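Where does a protein leave open space, and what surrounds it? Keep the model below in view while reading.

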Amino acid sequence: MAQRKAHGSSFAHRSELRHAKRIVVKLGSAVVTRGDECGLALGRLASIVEQVAMLQNQGREMMIVTSGAVAFGKQRLRHEILLSQSVRQALHSGHNQLKDMSLPVLEARACAAAGQSGLMALYEAMFTQYSTCTAQVLVTNLDFHDDDKRQNLNSTLQELLRMNIVPIINTNDAVVPPPEPNSDLQGVNVISIKDNDSLAARLAVEMKADLLVALSDVEGLYNSPPGTDDAKLIDIFYPGDQQSITYGTKSRVGIGGMEAKVKAALWALQGGTSVVIANGTNPKVTGHVITDIVEGKKVGTFFSEIKPAGPTVEQQTEMARNSGRTLASLPPEQRSEIICQLAELLTERKEEILAANKLDMDLAVNTGHMPQAMLKRLSLSPSKLNSLAIGLRQIAVAAQDSVGRVLRRTRVAHNLELEQITVPIGVLLVIFEARPDCLPQVSALAIASGNALLLKGGKEAANTNRVLHQLTQEALSMHGVTEAVQLVSTREEVEDLCRLDKMIDLIIPRGSSQLVRDIQRAAKGIPVMGHSEGICHVYLDADASIDKVIKIVRDSKCDYPAACNAMETLLIHRDILRTPLFDQIIDMLRTERVKIHAGPRFASYLTFSPSEAKSLRTEYGDLECCMEVVDSMQEAVDHIHKYGSSHTDVIVTENEDTAEQFLQQLDSACVFWNASSRFADGYRFGLGAEVGISTARIHARGPVGLEGLLTTKWVLRGDGHTAADFSEHGTMKYLHESLPVGQPLAGQRDSN
């Protein structure tokens, strides 16, 4: 349950909004009314009511400041006028004159008077569906200027909130002064939307609300009018930034516009209430916009009095992209020099790195919540740093022939040559958990491939990551590309990073299967490279060698049980059961303290079986595995296709024909014959390092090293050629001749 904060200062960060106890939701006219302004947008209103009721039932104190009475009344009065006119004209002029009926201009205050009761009845009916009681409160700005009236209003609202009632507040539009003339689509004056903006701000401060959510028909505040080419949504707005924005046209209803909203928001912020302005009309988000804001997600514009010292993640991404383009244009030997320098720094400054790592390890141990396997990944040692340096030097060598490599050359026609060349993907976002050695590995691969890099590490390794990133930037500064690798250290939620689809080209998660699944679910239009599970199988064929079986099974399961390439299911040919080999396998697993879960068929062969596997599709990540029996290699392949995760699968056999069939039929990313599943690793493959293992069907598969971080582009060099030259009446013919793919010289041309 949310706790009331001491009022007087607003929340500094979005993530703190989940602690908001008292919340005011302001619904602008554009949110509540239909596009024709004659009636209410019932679907939107219903979803908003559902969210408010849910938050209320969580123990929060919700208040609504609503528009809509004018629109509701306009609909009622138009209906009554049309009915009245049709009756009169039918009596006096005949039915043939009905089409000439015209509606008089409806005065806004009369519409409000006619619509207030209906609007409130609608709210009451909707909230009743969630067992939530409501109460109507009509106010004018004058009620806030009179001390007695203001105190009475405060007392009334406090009592309603105490009784778990949602107050629904509206300006008493039937008695407010006439608005300034304003011509909308209907030619009807409407009550200024600014009235409810200022009302919501005043009410929030008066009631010491923690949060004011102002919903309108725009996504939030932009640095220039929305719809212009350079307009960017402002994630966080600070009071000192007022001069940096340009206001555009006003909403389709009301006369206040965004400028009025900003003034009201800043007034509330100064009074100690946090404010978010967001879109309440977008059908894709309306159903969860309020709850998303309260959960701290990046929705709309958040008003904050505290400006962080460093750049925003959007600014970091922009800096990385710009610097990354310079990195990609460097000669290959300069990119290699940067990587070699980083390798040197890992060994030269190892004391600094290990001291930071000790801080992280001590914090992790003291909390007592981190599993042993994760502690092992978090820990760095001199030998680990030396191994990292060796891997980085391998990447430096590979960087000599990566970006700009010609894969295909074709002479399309005379003096018209086409090349397909390798290029960086763009901006990579790599999200990794408590594994600091990932940072220099991934940084080196990004540098070698000319990619900009955004890193988001787990807070468990914050100190180590900070030092390693400083060393990375120190190496990058050799050739003026310091900003190409950025470490996100702000309170950005992973889900928010995954929404930067216009700034990030590829997301690579490094961590648990749950992390990968969460990122795949959260990614909005950004490709995700990785695997959600590592359910690796080892199949022991009837013709398997005893010595190889014991070695491979032990290594696949026991070398590093938490690794994604560790064996999770052992498939045994039926003929191996009740043989000395089977006894040796069981004895070895018992010695290694591996807990065995019996598959259904294996359990049926045993009188006293181990615990039966709850699922044949389980990634244990520990000294546990499933054991199942199959009748043939084909049945093993079928089992793996059904229950595996297309990661790494192994056959152990001396029968070459059987092995080749297994290797050919199985469509996993890695398929091995008489070798441990632990070989599914970029370093062991000679890639120097890997950014992860991909089980995707397109682009890179298996351990992804330097090659997997490159894509291609087509370069066509012509001499004034046009498509018309090759038409039926043209003078040229296609040749489509394949040419050698050696790196072309600068300015090389066809001399024929």
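The model is predicted. Its largest pocket has a volume of about 1,600 Å³. The lining of this pocket comprises 42 residues, and K232, L233, I234, E314 and L500 are the closest to the centre. By residue class, 15 of the lining residues are nonpolar, ten are polar and 17 are charged.

Which elements supply at least two residues each of the lining of the largest pocket? They are strand 6 (236-237), strand 7 (274-279), helix 9 (289-294) and helix 10 (313-329). Helix 10 gives the largest share, five residues. In terms of domains, at least three lining residues come from domain 1 (14-81 + 109-174 + 194-303), and at least three from domain 2 (313-496).

The second largest pocket has a volume of about 1,300 Å³. It is lined by 47 residues, with R377, R435, R510, Y560 and A563 the closest to its centre. The lining of the second largest pocket is made up of 18 nonpolar, 14 polar and 15 charged residues.

At least two lining residues of the second largest pocket come from each of helix 13 (372-378), helix 14 (382-398), strand 14 (506-510), helix 18 (513-522) and strand 21 (692-694). The largest share here is that of helix 14, with five residues.

Why does the second largest pocket lie between domain 2 (313-496) and domain 3 (536-690)? Both domains give residues to its lining, so the pocket is placed between them.

Key
Residues numbered from 1 in each chain as written. Predicted model: local features only at pLDDT ≥ 70, side-chain atom pairs only at ≥ 80, totals over all residues. Heavy atoms only, no water. 1 Å grid on protein atoms, 1.4 Å probe; cavity = no way out; pocket = protein on both sides within 12 Å on 5 of 7 lines; lining within 4 Å. Points joined across faces, edges and corners; volume = space filled by probe spheres on them. Helix = DSSP H or I, 4+ residues; strand = E, 2+ residues; numbered from the N terminus. Nonpolar A, V, L, I, M, F, W, Y, C, P; charged D, E, K, R; others polar. Domains from an automatic or database assignment.
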